[in-house]
Amino acid sequence: LISIQLVGFLAFQLRSLALGQACVTRNMSSTTLDLKSLEAELARTKQKLEAWTTCKLQTANELKIGHVKSMSDNIGKARTLHEQHQKLGHVAQAVKQRVEREEGEVSSLARSVSHLRSEQDSMSRTVLALQEAVNLHQQECQQKEDDTHAFDMTRKKKLGALKRVLTMYSTCLGLEFKQGPDELHLVFTHVHAKQPERQFVLGVKILPDSTYQVTKCEPQLESMPRLLARLNTSSDFSEFVKAARSEFKKVA
């Protein structure tokens, strides 16, 4: 820009000088040329040109210095921005890797949660099945307990009847009852007229199905199976005792 202005100024001055010279040439015939005046004008023009040139060069130099400083600042800023960009790129890469890693962890956790839910559903079904089995077992146990209680009541009634028979027969017929761990022994005396102290022993046991079983018979009676069958049919224990005593009399 300064060079263009300088060239323009010089061109203007040269045109002025050319015009002045032309005028001088045209007027040489009629007027005497004032060389001193012309030289003075040229000196003044030269001084103006040099002053203007010096000013423009100083301005250009100042502009150059400012431009260099601005360029240096911009280069520093650009370098700083480039470094920041690189740092941000590294941070972005690290963040991307972290996000990918966390997404993988989330996916793994989702699969684990799905697997745990499946196991929970399976365990819930298993627990329900076990609960149903426990309830059924409790019902069976309750039924067995009720059956056992009923059996105990029945056995207690029969034992009560046996004890009553014991009292009666001990008094009237010389019959003694001896309680074993799970059976009752009947000891008959006064069966043999010549040997009233001779003992005839009969062992009776009540089975879980509330039937009777003869565990001991001394002396042996061939009719005992028939007597036992009649007892299990009628449940008349006193009649069984009477019939057994009669059979012992026969073998005595």
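**Exercise 1. The chain as a whole**

Task: For contacts in the protein chain between residues at least 6 apart in sequence, state what percentage join residues at least 24 apart. Then give the order of the secondary structure elements and the share of residues that count as buried.

Solution. 
- Step 1. Among contacts between residues at least 6 apart in sequence, 39% join residues at least 24 apart. The model is a predicted one.
- Step 2. The protein chain has 4 helices and 4 strands. Read from the N terminus, their order is α-α-β-β-β-β-α-α.
- Step 3. The chain has 252 residues, and 16% of them count as buried.

**Exercise 2. The packing of α3 and α4**

Task: Describe how helix α3 (residues 224-234) packs with helix α4 (residues 237-251), and list the residues that make the contact.

Solution. 
- Step 1. Two packed helices are described by the angle between their axes and the distance between the axes.
- Step 2. For α3 and α4 the angle is about 170°, and the axes are 9 Å apart. Angles over 145 degrees count as roughly antiparallel, so α3 is roughly antiparallel to α4.
- Step 3. The crossing of the two helices, α3 and α4, is right-handed.
- Step 4. From α3, the contact uses M224, R226, L227, L228 and L231; from α4, it uses F237, F240, A243, A244 and E247.
- Step 5. Sorted by type, the residues of this contact are 8 nonpolar and 2 charged, with no polar ones.

**Exercise 3. The two sides of α3**

Task: Which residues of α3 are buried, and how are they placed around the helix axis?

Solution. 
- Step 1. Buried means under 20% relative accessible area. In α3 the buried residues are M224, L227, L228 and L231.
- Step 2. Viewed down the axis of α3, these buried residues fall within an arc of 100°, so they line one face of the helix.
- Step 3. The general rule behind such a pattern: an α-helix has 3.6 residues a turn, so residues three or four places apart point the same way.
- Step 4. On the other side of α3, P225 and T233 are exposed.
- Step 5. The cover over the buried residues of α3 includes strands β3 (200-206) and β4 (212-218), along with α4.

**Exercise 4. Backbone exceptions**

Task: Where is the residue P219 found, and what kind of peptide bond joins E218 and P219? Then locate H190 and S210, and give the phi of S235.

Solution. 
- Step 1. Most residues other than glycine have a negative phi, and most peptide bonds are trans.
- Step 2. E218 and P219 are joined by a cis peptide bond, with omega about -5°. P219 is in the loop between β4 and α3.
- Step 3. H190, not a glycine, has a positive phi of about 60°. H190 sits in the loop between β2 (184-188) and β3. With a relative accessible area of 47%, H190 is partly exposed.
- Step 4. S210 is not a glycine either, and its phi is positive, about 70°. The loop between β3 and β4 holds S210. S210 is partly exposed, its relative accessible area being 26%.

Note on methods. Residues numbered from 1 in each chain as written. Predicted model: local features only at pLDDT ≥ 70, side-chain atom pairs only at ≥ 80, totals over all residues. Heavy atoms only, no water. Axes fitted to C-alpha atoms, helices over the stretch in contact; angles between N-to-C directions. Parallel < 35°, antiparallel > 145°, perpendicular 65-115°, else oblique. Left-handed = near helix turned anticlockwise from the far one by under 90°. Contact = heavy atoms within 4.5 Å. Nonpolar A, V, L, I, M, F, W, Y, C, P; charged D, E, K, R; others polar. Buried < 20%, exposed > 50% of the residue type's maximum accessible area, 1.4 Å probe, protein only. Arc of directions from axis to C-beta.
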